[in-house]
Amino acid sequence: MIRSYRPSDQQALLEILKLNVPKYFDQNEVTEFEEYLEEHAATYLTLEHENKIVGGTGYLLTDNNTIGHVRWIFFHPDSAGHGFGGEAMEYCLAAFRSVPTVRKLIVTTSQLVYKFFEKFGLVLIKTEKDYWGKGLDLYWMEMEINSHP
């Protein structure tokens, strides 16, 4: 189940994020995630399965609602293979498509999971070595949304 983030979710989400350090996230990103929740809680989503929080994702609009961003998508390591990532992406894509001014989706991720985003049509634009932390490279990905001929 996908639902809106509640402040009471923060501790569980932080614990799940920390389970993904250092494989998918650098330690310094934990504080960045806390700051993100303070600023963008209204567009953060919590995913639950069997009444337990299993992960979350943020979706954010910028540039006068012309660019959508998927941010901070992560899940409990034990939830791999349950389809939660796909469910979260489909939810975010539907949200962006429901805003007619959105023209582009941007995802900034790493070399470890960029193939997941390719499944949804995102295309790799650029990379930057050790951007997130040592061994975690930036993979900047984009796709058009709501484009009109």
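A pocket, as the word is used in these legends, is an open set of grid points where a 1.4 Å probe fits, with protein on both sides within 12 Å along at least five of seven lines. The model shown in every view is a predicted one.

**View 1. The second largest pocket of the predicted model.** The second largest pocket has a volume of about 250 Å³. Its lining is made up of 14 residues, among which Lys52, Ile53, Val54, His76 and Asp78 lie closest to the centre. Helix H1 (10–19) and strand S3 (52–62) are the elements that give two or more residues to this lining, and H1 gives the most, with four residues. Sorted by class, the lining of the second largest pocket holds six nonpolar, four polar and four charged residues.

**View 2. The largest pocket and the elements around it.** Two or more lining residues come from each of helix H2 (29–40), strand S4 (67–75), helix H3 (84–97), strand S5 (104–109), helix H4 (114–118), strand S6 (123–133) and strand S7 (136–144). Among these contributions, the largest share is that of S4, which supplies seven residues. The lining of the largest pocket comprises 24 nonpolar, 13 polar and seven charged residues.

View 3. The strands form an open sheet in the order S1-S2-S3-S4-S5-S7-S6, and their pairing is mixed. S1 and S6 are the edge strands, each of them pairing on one side only, and from one strand to the next the twist averages 25°. H1 packs on the sheet, where it touches S2, S3 and S4, and its direction makes about 95° with that of S3. H2 lies across S2, S3, S4, S6 and S7, and runs at about 130° to S4.

View 4. Strand S1 (2–4) pairs with strand S2 (residues 44–49) in the antiparallel sense, over three bridges. Within this pair, Arg3 has Thr46 in S2 as its bridge partner. Asp9 is placed in the loop between S1 and H1.

**View 5. Thr57 within strand S3.** Thr57 lies in strand S3, and because its relative accessible area is 0%, where under 20% counts as buried, Thr57 is a buried residue. When neighbours within four places in sequence are left aside, Thr57 is in contact with Thr43, Tyr44, Leu45, Leu47, Val70, Arg71, Trp72, Ile73, Ala88 and Cys92.

**View 6. The hairpin of S6 and S7.** S6 and S7 run antiparallel and are joined by six bridges. Across this pair, Thr127 stands opposite Tyr139 in S7. Two residues lie between the strands of the hairpin, in which Gly135 takes a positive phi near 85°.

How values were computed. Residues are numbered from 1 along each chain as its sequence is written. This is a predicted model: local features need pLDDT of at least 70, side-chain atom pairs count only at pLDDT 80 or more; totals for chains, interfaces and linings use all residues. Side-chain values use heavy atoms; hydrogens and water are left out. Ala, Val, Leu, Ile, Met, Phe, Trp, Tyr, Cys and Pro count as nonpolar, Asp, Glu, Lys and Arg as charged, and the others, Gly among them, as polar. On a 1 Å grid over the protein atoms alone, a cavity is a set of points where a 1.4 Å probe fits but cannot get out, and a pocket is an open set with protein on both sides within 12 Å along at least five of seven lines; lining residues have an atom within 4 Å of a point. Grid points are joined across faces, edges and corners, and a volume is the space filled by probe spheres set on the points. Two strands pair if DSSP finds at least two bridges between them. Axes are lines fitted to C-alpha atoms, for helices over the stretch in contact, and angles run from 0 to 180 degrees between N-to-C directions. Contact means heavy atoms within 4.5 Å. Buried means under 20% relative accessible area, exposed over 50%, partly exposed in between (1.4 Å probe, protein chains only).
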